[in-house]
Amino acid sequence: MRPPVSRHRPSDEGPSGPRPRSYSADLTPPWKKPKAVPEIAAEPGLVVEEPGTGFCGAVIGCEAGTVTLEDRFGKHRVFPLQPGGFLLEGRTVTLVKPSSGPVRPTRTASGSVAVPGARARVARAGRIYVEGRHDAELVEKVWGDDLRIEGVVVEYLEGVDDLPSIVEEFAPGPDARLGVLVDHLVPGSKEWRIAEAVTSDHALVVGHPYIDIWEAVKPSSAGITAWPRVPRGQDWKTGVCRSLGWPPNTGAAWQHILSRVRSYKDLEPELLRCVERLIDHVTVPWEAPRR
């Protein structure tokens, strides 16, 4: 009589019978394995997006299992701190409460929430033009951090007379909008007529009421009681230096004025509205006007 045939190989036998077979290697293909979601401390100023709502903003508070975000328009939203609940530069992350100390917002010179260590965004096709070098330096000092994060480049004109050719060459469109800041834009003036001629859905020209960008700095911030009145026909900057008893060096005078500007609080509200409007024009997604 033949002995029964074992269903197990000898190597599978143990003292009390067959040993269960085990596998120590993970045979799951790499592309099927879930990727680990990094944990990021919800530090003040960190800009993230909540994918469920599409709300994008900077961290301004983190407590009791929630995080508060503020978008660039000042709107606040509170979200729960849940695994994989946010996007950081397009990557899914888990926000966690910072290890120590309260979360306190910090601000840029323009009053926006600062983003520590943020990289400058690749430049947009859109541009903002200002009327001169002094204008560009003032915009950079107050809005520079915001503009780098938004990827907006600021250039300056040699004069408003050059604006039609610049607009024609730039060819503004939905994905490449143009914003222009003009000094002392008075209805009926030559500058006003040029601005009207080039304005379109994709090219926005705004003007502040000041004779020169110097005058957009609050007198108290510049260390004077008031900006002097300069008789018509005289060079305004030279006349200001003469009236204030400053050396007749307008370049040095401007550097003195610029050094007194530390934030948006040192500027007149009319200029703030103009620049913020231009930044929105070139960065906020464009929608065709309803007919």
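**View 1. Leucine 267 and its neighbours in this predicted model.** Leaving aside residues up to four places away in sequence, leucine 267 touches Leu138, Val142, Trp143, Ala216, Val217, Lys218, Val261 and Leu272; contact means heavy atoms within 4.5 Å. A word on the source: this is a predicted model, in which local features need pLDDT of at least 70 and side-chain atom pairs count only at pLDDT 80 or more, while totals for chains, interfaces and linings use all residues. Residues are numbered from 1 along each chain as its sequence is written, and side-chain values use heavy atoms, with hydrogens and water left out.

**View 2. The largest nonpolar core.** This core has 38 residues, and the members touching the most others are Leu138, Trp143, Trp214, Trp227 and Leu267. Helix 1 (133–150), helix 5 (236–244), helix 6 (250–259), helix 7 (269–283), strand 10 (127–130) and strand 13 (203–207) each supply at least two of its residues. Helix 7 gives the largest share, seven residues. A second, separate core has 14 residues, among them Leu157, Val167, Val198 and Val205. Here a nonpolar core is a set of buried Ala, Val, Leu, Ile, Met, Phe, Trp, Tyr and Cys residues joined through side-chain atoms within 4.5 Å; buried means under 20% relative accessible area, exposed over 50%, and partly exposed in between (1.4 Å probe, protein chains only). Helices (H or I, at least four residues) and strands (E, at least two) are DSSP runs, numbered from the N terminus.

View 3. Four strands pair in parallel in the order 11-10-12-13; two strands pair if DSSP finds at least two bridges between them. Strand 11 (153–156) and strand 13 are the edges, each pairing on one side only. From one strand to the next, the twist averages 20°. Helix 1 lies across strands 10 and 11, at about 175° to strand 11, and helix 7 lies across strand 10, strand 12 (178–182) and strand 13, at about 165° to strand 12. Axes are lines fitted to C-alpha atoms, for helices over the stretch in contact, and angles run from 0 to 180 degrees between N-to-C directions.

View 4. Seven of the nine residues in strand 5 (residues 55–63) are buried. Strand 5 runs antiparallel to strand 4 (residues 47–50), joined by four bridges, and glutamate 50 has phenylalanine 55 as its bridge partner. Between these strands lie four residues, and glycine 54 takes a positive phi near 80° in this hairpin. Five bridges join strand 5 to strand 6 (residues 66–70), again antiparallel.
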